[in-house]
Amino acid sequence: YGFINTCLKSLVVEKYGEETWEKLRLQAGVQDSFLTFEVYKDEITMQLVDKACKILGVPADMVLREFGEYFFEFCKRSGYDHMLRTLGGNLYEFIENLDALHSYLALSYQEMNAPSFRVEKNEDGSMHLHYYSDRRGLCHIVPGIIGAAALDFFNIEISMEIVNQMEEEERTGKKEHIVFLVTQNPVFSYKERNEFSSSSQYLADSEKQVENQLNKEDLEKAKNTFRQRGSSVCPVKKSHWKTIRGIITLGKGKLLRGFDPVYPKSLWIDTKTFCNGLPFHMVFDKELRVKQAGVSIQKIVPGLQTMGICLDHYFSIIHPEVPFTISSIQKFINNQFVFQTRREMMPESWKQRPMLELRGQMIWMESLQCMLYLCSPLLRTLHELEERQMHIADIAPHDVTRDLILLNQQRLAEMELSNQLERKKEELRILSKHLEEEKKKTEALLYAMLPQHVANQLKEGKRVEAGEFKECTILFSDVVTFTNICAQCEPIQIVLMLNSMYLRFDRLTTVHDVYKVETIGDAYMVVGGVPVPVPTHAERVANFALGMIIAAKGVQNPVSGNPIQIRVGIHTGPVLAGVVGEKMPRYCLFGDTVNIASRMESHGVPSKIHLSSSAYQCLKYKNFEMTERGEIEVKGKGKMHTYFLVRNKTATENEIMGRP
């Protein structure tokens with residue numbers, strides 16, 4: 001179920017981060033999230049575990065053990081804490097009732113294929129835990145789960161080692177059977193250690209006080225019970241005296257737990273009442289011959305009215321998956337048993353209905369050498385009841401199956417609602433993710449048209465005030481003989497040429513961190529020091545200009561087939577910058593600096609970088625080689641002293657072009 005995969009995702013995200021999970025799921029080829037009540041293939045979980053081992057560089061047994069420990073905590077956080085705590089008073093009882101818990105959970109998770117557990121006590125206080133599973137290779141999860149439960153619920157540390165590993169021949173389907181040796185030691189906090197060390201004298205004094213109120217026989221029982229509890233498989237978190245006080249009621253001398261039951265000399269119930277009162281019970285001997293059966297099961301399986309017939313002719317064992325022999329049943333006697341009727345032995349009216357399943361416990365009667373199977377119909381919903389053409393009235397009034405069917409009907413409805421909400425939540429999450437991706441694309445497009453801080457102000461509906469920049473460097477460039485090229489080429493050829501050139505120039509703006517203001521036809525305009533003022537604005541634009549000259553050599557003139565030639569002009573001075581227009585707003589520069597930079601380009605020389613005197617002064621001591629052009633007549637400005645930029649003395653061509 002998705003609950004398992006969600007737990008695995010939560011573990012990776014919590015301990016190793018979102019990036020690790022993203023890398024892990026992409027390598028495993030699985031989706032990002034899982035629905036709790038959705039059934040997924042085992043291969044998904046196996047793939048995730050396998051890739052986790054490779055990415056984290058950790059052996060599989062360690063990953064599975066860590067998952068087991070985390071799974072226990074995840075179950076507690078998911079609302080199963082109270083249910084787990086009430087399974088047993090010690091670790092032995094806890095493990096012994098795990099199958100019953102899985103049986104209950106199967107009411108909700110109907111496709112669940114849970115492992116099975118059987119536990120045996122040893123004389124030295126250790127245990128042998130038998131683990132059966134359809135899935136191979138996951139046994140290392142068990143020490144993680146059981147170890148975490150032992151520490152949390154019973155305050156003991158345990159060690160678990162595999163003492164036997166085999167293919168389970170007793171069970172159908174070739175299941176994995178692992179036997180763990182479980183040894184344990186109490187864990188005491190500092191306070192509990194002090195209590196433990198000082199409790200001996202207190203306990204001795206208290207025993208004397210109790211001895212006056214109890215006869216010797218009762219006191220001996222109390223001591224024996226106390227010793228048994230003290231050396232039990234899983235001690236409860238209590239001091240010795242707390243335990244004694246729980247066993248004995250002071251002042252009355254009565255044992256609360258160590259009582260001897262009283263049995264009647266003869267059974268005060270007749271056979272007819274017994275069979276009516278327990279309508280779904282069966283008694284059978286070592287040869288599986290039926291000796292007795294309840295009235296309701298006789299009604300459903302009429303063959304049981306013939307005493308002495310073999311039980312395995314009419315039923316098969318569904319859980320635990322053991323052969324139908326008395327020895328196998330005795331080995332798993334602490335488990336719940338699920339029987340299913342055999343279709344070929346059912347009356348004709350039952351042939352088209354789903355087979356009836358019974359669930360209950362086995363009790364061995366030593367004196368009669370017979371097995372009593374106390375059971376009830378295994379029905380989860382009213383629909384299952386109707387499918388078998390049964391009624392609530394067919395189940396004994398004292399049988400909680402009646403309540404379970406009605407309660408589970410409501411529970412399944414709530415689960416379906418929860419599942420729908422989870423699906424909607426997942427759909428919204430995916431939509432939100434896609435929306436975020438589209439938002440990033442939109443923002444990237446917006447930031448390509450306007451400076452980021454300006455774009456953010458416009459998004460927030462604010463008015464963008466014009467800003468004055470006291471010093472910046474502006475560059476203009478154009479293609480030499482562009483008018484002639486246009487006259488001799490198809491429009492598409494011009495578009496392809498300009499696009500090839502502008503793509504190269506755009507990349508260089510990123511390399512040298514200058515701002516592209518606009519392009520008009522073949523004219524390309526950039527600025528350094530706007531919109532973010534920087535002291536190195538002139539050097540950045542100069543390096544960008546050198547890169548443009550080199551880049552232009554890679555663009556072909558569609559008329560001649562030779563590389564195109566460009567003119568570049570640069571000027572440094574103050575500008576005013578701001579956003580103009582509401583529809584397709586543009587970030588524009590205003591001032592005489594723009595005009596002079598444009599004049600430097602128009603009065604330039606092909607494949608040369610033309611500098612004004614102010615740009616020259618900014619670059620004079622910055623490791624650039626420049627030559628003097630002298631005075632020239634500039635349209636609208638009169639005579640101006642200008643220069644040519646030749647090269648950067650310290651930067652290589654690769655550095656100028658931003659190549660590796």
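## Report on the helices and sheets of a predicted model

Helix H3 (residues 42–56) comprises 15 residues and reaches 21 Å from its first C-alpha to its last, close to the 21 Å expected at 1.5 Å a residue. The expected span of a helix is taken as 1.5 Å times one less than its number of residues. Helices (H or I, at least four residues) and strands (E, at least two) are DSSP runs, numbered from the N terminus. The structure is a predicted model, in which local features need pLDDT of at least 70 and side-chain atom pairs count only at pLDDT 80 or more, while totals for chains, interfaces and linings use all residues. Residues are numbered from 1 along each chain as its sequence is written, and side-chain values use heavy atoms, with hydrogens and water left out.

**Overall description**

The protein has 22 helices and 20 strands. Of its 660 residues, 44% are buried; a residue is called buried under 20% relative accessible area, exposed over 50%, and partly exposed in between (1.4 Å probe, protein chains only). The accessible surface comes to about 36000 Å², and carbon and sulfur atoms account for 53% of it. Accessible areas come from the Shrake-Rupley method with a 1.4 Å probe; for residues, only the protein chains shown count as cover. Among contacts between residues at least 6 apart in sequence, 60% join residues at least 24 apart, where contact means heavy atoms within 4.5 Å.

**Helices H1 and H3**

In H3, the residues Ile44, Leu48, Val49, Lys51, Ala52 and Cys53 are buried. Their cover includes helix H1 (2–16), helix H2 (18–28) and helix H4 (60–85). Glycine 57 follows H3 and has a positive phi, near 65 degrees.

Asparagine 5 is placed in helix H1 and counts as buried because its relative accessibility is 1%. Beyond its neighbours within four places in sequence, asparagine 5 is in contact with Phe34, Tyr40, Ile44, Thr45 and Leu48. Among these partners, Ile44 and Leu48 are also buried residues of H3.

Glycine 2 likewise belongs to helix H1; with 0% relative accessibility, glycine 2 is therefore classed as buried. Residues up to four places away in sequence aside, glycine 2 touches Phe34, Leu35, Thr36, Glu38 and Tyr40. The C-alpha atoms of glycine 2 and threonine 36 are 4.5 Å apart in space, although the two residues are 34 residues apart in sequence.

**Strand pairing**

Strands of a sheet pair through backbone hydrogen bonds, either parallel or antiparallel. Here two strands are said to pair if DSSP finds at least two bridges between them. Selected pairs are listed below.

| Strand and residues | Partner | Sense and bridges |
|---|---|---|
| E10 (residues 337–341) | E11 (residues 357–365) | antiparallel, four bridges |
| E11 | E12 (residues 370–377) | antiparallel, eight bridges |
| E13 (residues 467–479) | E15 | antiparallel, five bridges |
| E14 (residues 515–520) | E15 | antiparallel, five bridges |

**The six-stranded sheet**

An open sheet is formed by six strands in the order E8-E7-E12-E11-E10-E9, with antiparallel pairing. Its edge strands are E8 (290–293) and E9 (315–319), each of which pairs on one side only. Neighbouring strands of this sheet are turned by 30 degrees against each other on average, direction ignored. Axes are lines fitted to C-alpha atoms, for helices over the stretch in contact, and angles run from 0 to 180 degrees between N-to-C directions.

Phenylalanine 337 has glycine 360 of E11 as its bridge partner. Leucine 358 is bridged to proline 377 in E12, and tryptophan 364 stands opposite methionine 371 in E12. E11 and E12 form a hairpin with four residues between the strands, where glutamine 369 takes a positive phi near 55 degrees.

Strand E15 (residues 523–528) is mostly covered, with five of its six residues buried.

**An annotated helical span**

The UniProt record (unreviewed entry) places the feature "coiled-coil region" at residues 407–445. UniProt positions are given in the numbering used here, feature names are shortened, and annotations may be inferred rather than shown by experiment. In the model, residues 407–445 are 100% helix and 0% strand, and the end C-alpha atoms of the span lie 57 Å apart.
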